[in-house]
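Here is a short report on selected packing features of one protein chain. Keep the structure open alongside the text.

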Amino acid sequence: MKKKLIYLLAAVTLAAAVCGVKPTRSGAAPFDPDTKGSLKVHPMKATDENADMAADLKSAEARVDIYLVAEAVKMPGYDTYQYKATSAFQAMSESIEKKTEKAEDWEAMAQEAAKIVFEPDSSAKVSATGKADGETAVSNLTPGLYLLLARGGVGTDRVADFRKDVTDDEGNPIIATYANSAQYEYTFKPQLISLPMRDSEVPVNPPVPPNTADRGDWAYDLDVYLKPERSVRYGSLTIRKVLSSYESEADLPNDPVTFVFQVDGETEGTSENGGVLPSYHAVDSLTFTAAGEDTITFEKIPVTLKLTVSEVYGGSGYEIAPDTGGVIRENIEITADETQVVEIPFINVHNDDLKRGHGIKNQFTYAPTNPDDPASGGAWDWESEPSQNQ
């Protein structure tokens with residue numbers, strides 16, 4: 001028997017997401033409300049073009065929580081069923097009974113169901129949970145309308161810990177959930193899935209109960225394909241500068257000594273879709289008027305990068321002492337949501353060439369074309385601080 005993907009349209013933040021459903025088993029018998037079914041959730045539909053993304057998403061170890069929103073009740077005299085909201089989702093009864101076929105209505109219903117789940121005093125309980133690895137089926141599911149919430153699976157079983165409030169293309173607030181790999185955040189929109197579905201050659205959109213005019217047998221075991229959006233995760237880098245001694249001349253005020261640092265990172269390889277790959281380039285400085293130490297932090301660095309940190313200027317009359325690591329650190333990897341500390345120690349070596357003056361601090365600002373997409377490119381602007389001109 002020929003199988004065909006059944007797509008459920010769904011909009012997601014920044015782009016559209018599609019949840020595909022493919023029957024894997026069917027039976028010739030009429031609809032049976034007592035027949036149990038299963039869902040095998042794939043993190044995405046892998047292709048040659050997105051193989052790298054699919055492999056990275058697999059490392060996120062996403063899970064899926066499944067909630068029974070409405071039971072499937074057989075309609076007397078017809079080979080089909082209608083929905084009856086469960087007690088936790090009674091507030092959705094009116095929406096469910098509309099039997100709408102508009103995709104936007106079903107998207108709104110998924111949001112309505114997700115809001116109920118995330119209410120502090122919600123009585124909604126997970127009917128089943130399992131891996132979204134495309135290999136492990138979540139079984140023993142009674143016929144009905146289910147809400148799927150895909151999420152991360154490391155460190156906690158609380159779906160609330162993976163909630164992400166975002167906006168749709170029109171700026172309206174919506175609920176999403178997420179899972180993280182080491183480098184990317186994957187965002188999923190709540191999905192509603194009907195079980196069982198007709199094994200029909202006609203795509204079904206949205207997941208309304210099939211009517212008697214639908215062709216095909218009932219399929220109680222379904223493959224569900226998620227299509228998340230992903231964004232680069234960010235971390236921070238802190239440089240700690242140590243000035244162990246400071247040279248001055250008698251009866252003269254201490255001259256400021258400025259140290260300038262540059263951080264660079266490029267993404268190796270090529271983009272899957274031919275777009276601009278994430279990169280990072282920034283310059284900043286620290287100024288001393290006495291011996292001591294200070295830090296400077298570079299923010300929002302894509303964790304996909306390996307960084308080179310350089311001290312590109314070390315003040316007049318000062319040199320980096322031997323055997324202290326030099327002025328360059330290479331292949332520094334950033335961990336998302338954490339701050340690495342790179343210590344570039346400076347041990348003062350007086351070279352009898354102490355000069356006055358220390359330079360200008362230029363403040364560079366990078367304006368991305370799309371703030372939500374670091375790979376979209378952008379432009380640099382800068383301004384200096386005249387107070388430091390000498």
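The report covers a sheet, a helix and the aromatic contacts of this predicted model.

**Helix 1**

Which residues of helix 1 (residues 51-59) are buried? They are Met53, Ala54, Asp56 and Leu57. These residues cover an arc of only 165° around the axis, which puts them on the same side of helix 1. Asp52, Ala55 and Lys58 are exposed, on the face turned away from that buried side. The buried residues of helix 1 pack against strand 11 (184-188) and strand 15 (229-232). Just after helix 1 comes Glu61, with a positive phi of about 55°.

**Aromatic contacts**

A search of the whole structure gives eight aromatic pairs. Two of them are tabulated here.

| Pair | Centre distance | Plane angle | Class |
|---|---|---|---|
| Tyr83 and Trp106 | 6.3 Å | 70° | edge-to-face |
| Phe259 and Phe288 | 5.6 Å | 75° | edge-to-face |

Tyr83 lies in strand 5 (residues 81-85) and Trp106 in helix 3 (residues 103-118), so their pair ties together parts 23 residues apart in sequence. Tyr83 counts as buried at 11% relative accessibility. Trp106 is buried too, with a relative accessible area of 5%.

The pair of Phe259 and Phe288 belongs to the sheet described above. Phe259 lies in strand 17 and Phe288 in strand 18, so this pair ties together parts 29 residues apart in sequence. Phe259 is buried, at 0% relative accessibility. Phe288 is buried, with a relative accessible area of 5%.

Tyr83 and Trp106 also belong to an aromatic cluster, together with Phe31, Tyr81 and Trp218. Arg198 lies over the face of Trp218, 4.2 Å from the ring centre. Arg230 lies over the face of Tyr184, at 3.8 Å from the ring centre.

Note on methods. Residues numbered from 1 in each chain as written. Predicted model: local features only at pLDDT ≥ 70, side-chain atom pairs only at ≥ 80, totals over all residues. Heavy atoms only, no water. Buried < 20%, exposed > 50% of the residue type's maximum accessible area, 1.4 Å probe, protein only. Helix = DSSP H or I, 4+ residues; strand = E, 2+ residues; numbered from the N terminus. Arc of directions from axis to C-beta. Contact = heavy atoms within 4.5 Å. Phe/Tyr/Trp six-rings, centres within 6.5 Å; stacked < 30°, edge-to-face > 60°. Lys NZ or Arg CZ within 6 Å of the ring centre and 35° of its normal.
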